[in-house]
Amino acid sequence: MTITLESISKIYTRKTALLHINTTFSGGAIHSIVGENGAGKSTLAKILCGDISPTNGKILLDGQPVTLKNQHDAIKLGIVTVRQRPLLADSITVQENIFLGSDVFEKKQNFLDHLHTLHQKWAPQLTLSSFVYNIGGDDRFYTALLSALCRNPKVLLLDEPTSLLNDNQRITLYTNLRDLARTGVNIIIITHSMDEATNYSDTVTVLEKGTIQAFYSNSKAFNKGSPGYITFDTLKDPITAPSHKNAEFDQKTEKKLSFSHITVKPLKRPALSDISFSVTKGQLILIQGLTEDGLDTLEHLVTGMEESPCKGSVRCGTTTINLAQKPLTPRILRDRSGICAAIIPSNRTFRGSNPHLTVEQIASVYTSAQQAHVHAQELIKKANIIITPEELGANLSGGMLQRLIIERELATNPDFLILTEPLQGIDSKRAGDIYNRLVSLVHRGTGVLVLTTADFPTSQCDAIYKLHRGKLTLERTHHEI
C-alpha cells in the first residue's frame, strides 16, 4: 500500500506543527522520518494513525483519498502503529494484551498459531504468560509489536522502535523488518538515529520546524554533512565550566547517597546481588547495563520504588536505613533535611507524568495552586518547548516531555539528581544540551547518578559501573577515564 500526503498541515492556536507536507511512502520499503525534537515527527505520526486530523490537506491510500477519524479507521484500512511508549494494560498478561481489540475469538486457534509463528521470529525471549506490570521496556515494545503484526498490517508505523533495545535486538529487529518489507508492507519509522536511517531504511525524510527540509530517495546519500543529518558533536565538555575536580569538599560533612551490599529478588524482574556504590555531591556516577541484567530492578531500588524484600543498607546523608527493616521511598530521597534528591524515571509518560494531565499540572507538582500557572510558564520557557499550560501532556513529544520534567526537577534545587536513560528518545542536539547541563550541575556541586542501557559520554564521570547478570562491577575511575 502506498501512502501519499498532499499539502498536509496541522495548525494550532499558538503554533504551526506541520505546514504543506507533500510526500509519498511506497509499499515494500522502509522509510525513515528524522528531525530534531519539535520538528513535527510526532504530529505527522499521529495524523497517519488517526490520532488527530490535519487542519488542511489530503491523505491518499493507493491513490484514493481517505479520512482517518480515529485509530480504528486507520486499523481497518491496514495502518497499524507501535508507539514509543505502548499503552498496555498492566494487570493482564502479554498474550491477553495482544488479544485486546482483535476480532479473534471465533478463530482463536488460527490466531494463536499465527501469534506463535510471529513470537518465534520476532521476540522468542518474550514470555507470553507474564503480566505486563512485571516486564521491562523492551518487552513492552515487543508486546505492542506482536499485537500490531497479528493484524497483518499493510502499513506499519513505528515510533522510536529501538530506543529501549540493545545492539543485538536492534540488528534482529531491522533484519525482520526488511523481510517484512519484501512481502510488500509499507514500513514507516520515526527515529532520532541517523545511523539507523542511513543503514536500514530505503528513503529518509527530514523534517524541520514542521516542513520537509530534505528528502533522500536513497538513504545511503544521507550521511554526515548532509542537510538534516544531526551528529553528536555537541556532546562535549563545556569549555567555560571549571573542572569539578578542583572543588574543595569537606568529606566529613559532605552529603552522600550510598547503597551497601544490596540484594533483592523480585518475582518477575532480574535479581540484584550484593550491589554497592555511592554518589557524593559534585560527582557524576554512570551505571550501564541491560534490562535483562537488572537495570530496571536497579532503577526501582535507587528511586525508592522497589516493593520486594531487600537486604542491605542505604545511607542518605547522615541517615542509614536497614532495608530489611524499612524500605527506601521517594519521600525519603526527596526530603530536604536529608539528601534532597530529584528523580527522573525512565517511564516519563506514566511515572514522571501522565498524558491525561495538563502541562500545568505536570509542571507544578511541587508548587502551590496559586503559583502553578506562572511556574508552568517559566518551566515551558526554560525547556524551550512550544505549548501552553492548558494543553494536555499527551500533546508533548517524548523529547519535549523529557525537557519539561528535567526543568521541573531541577527547579527544586536538588543536592542529588537521579536519572534513568537521560538521553533516550531525543535528538542529538538536545542530547548535547542535556549532557552539558548535567556537567554544569556537577561542576556546581550536584551529585548526579545516571542509569542507562545506551552509550553515554564518559570523560566527566567520576566512576563507571557495569551491571551484568545482577552484579555491579566498577569498570573505571575518574583517574583511569
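This is a predicted model: local features need pLDDT of at least 70, side-chain atom pairs count only at pLDDT 80 or more; totals for chains, interfaces and linings use all residues.
This briefing walks through the folds, sheets and helix contacts of the chain shown above.

Residues are numbered from 1 along each chain as its sequence is written, and side-chain values use heavy atoms, with hydrogens and water left out.**Overall shape**
- The protein chain holds 13 helices and 20 strands; helices here are DSSP runs of H or I with at least four residues, strands are runs of E with at least two, and both are numbered from the N terminus.
- The radius of gyration is 23 Å, close to the 23 Å that the globule rule gives for 481 residues, so the chain is as compact as a globular protein of that length. (The radius is taken over C-alpha atoms, and the rule is 2.2 Å times the number of residues to the power 0.38.)
- Along its principal axes, the C-alpha trace spans about 75 × 50 × 45 Å.

**The sheet with S3 and S9**
- Six strands make an open sheet in the order S6-S7-S8-S3-S9-S10, with mixed pairing; two strands pair if DSSP finds at least two bridges between them.
- Strand S6 (79-82) and S10 stand at the edges with a single partner strand each, so one side of each has no neighbour in the sheet.
- Ignoring direction, neighbouring strands of this sheet are turned by 20 degrees against each other on average. (Axes are lines fitted to C-alpha atoms, for helices over the stretch in contact, and angles run from 0 to 180 degrees between N-to-C directions.)
- Strand S3 (residues 30-34) runs parallel to S9 and pairs with it over four bridges, with serine 32 partnered by valine 204 in S9.
- On to the next pairing: strand S9 (residues 203-208) and strand S10 (residues 211-216) are antiparallel, with five bridges.
- Valine 204 turns up again here, as tyrosine 216 in S10 is its bridge partner.
- The hairpin of S9 and S10 has two residues between the strands, and lysine 209 takes a positive phi near 50 degrees.
- Helix H6 (residues 167-182) lies across S3, strand S7 (155-159) and strand S8 (186-190), at about 145 degrees to S8; contact means heavy atoms within 4.5 Å.

**The sheet with S13 and S18**
- Another open sheet of six strands has the order S16-S17-S18-S13-S19-S20, also with mixed pairing.
- Its edge strands are strand S16 (341-344) and strand S20 (471-477), each pairing on one side only.
- From one strand to the next, the twist averages 15 degrees.
- Strand S13 (residues 284-289) and strand S18 (residues 447-452) run parallel and are joined by five bridges; isoleucine 285 stands opposite leucine 449 in S18.
- H12 lies across S16 and strand S17 (416-420), at about 170 degrees to S16.
- H13 lies across S13, S17 and S18, at about 155 degrees to S17.

**Helix contacts around H12**
- Helix H12 (residues 398-410) packs on helix H13 (residues 428-443) at about 15 degrees, with the axes 12 Å apart.
- That angle makes H12 roughly parallel to H13. (Under 35 degrees counts as roughly parallel, over 145 as roughly antiparallel, 65 to 115 as roughly perpendicular and the rest as oblique.)
- The H12 and H13 crossing is left-handed, meaning that the near helix is turned anticlockwise from the far one by less than a right angle; clockwise would be right-handed.
- Gln402, Arg403, Ile406, Glu407 and Leu410 in H12 meet Arg430, Ile434, Arg437 and Leu441 in H13.
- The residues of this H12 and H13 contact divide into four nonpolar, one polar and four charged. (Ala, Val, Leu, Ile, Met, Phe, Trp, Tyr, Cys and Pro count as nonpolar, Asp, Glu, Lys and Arg as charged, and the others, Gly among them, as polar.)
- Helix H11 (residues 372-383) also packs with H12, at about 120 degrees and with the axes 9 Å apart; H11 and H12 are therefore oblique to each other.
- The crossing of H11 and H12 is right-handed.
- Leu379, Ile380, Lys382 and Ala383 in H11 meet Arg403, Leu404, Glu407 and Arg408 in H12, a contact that divides into four nonpolar, no polar and four charged residues.

**Strands S11, S14 and S15**
- Strand S11 (residues 256-264) and strand S14 (residues 310-316) pair antiparallel over six bridges, and leucine 257 has cysteine 316 in S14 as its bridge partner.
- S14 also pairs antiparallel with strand S15 (residues 319-322), over four bridges.
- S14 and S15 form a hairpin with two residues between them, and glycine 317 in the turn has a positive phi of about 65 degrees.
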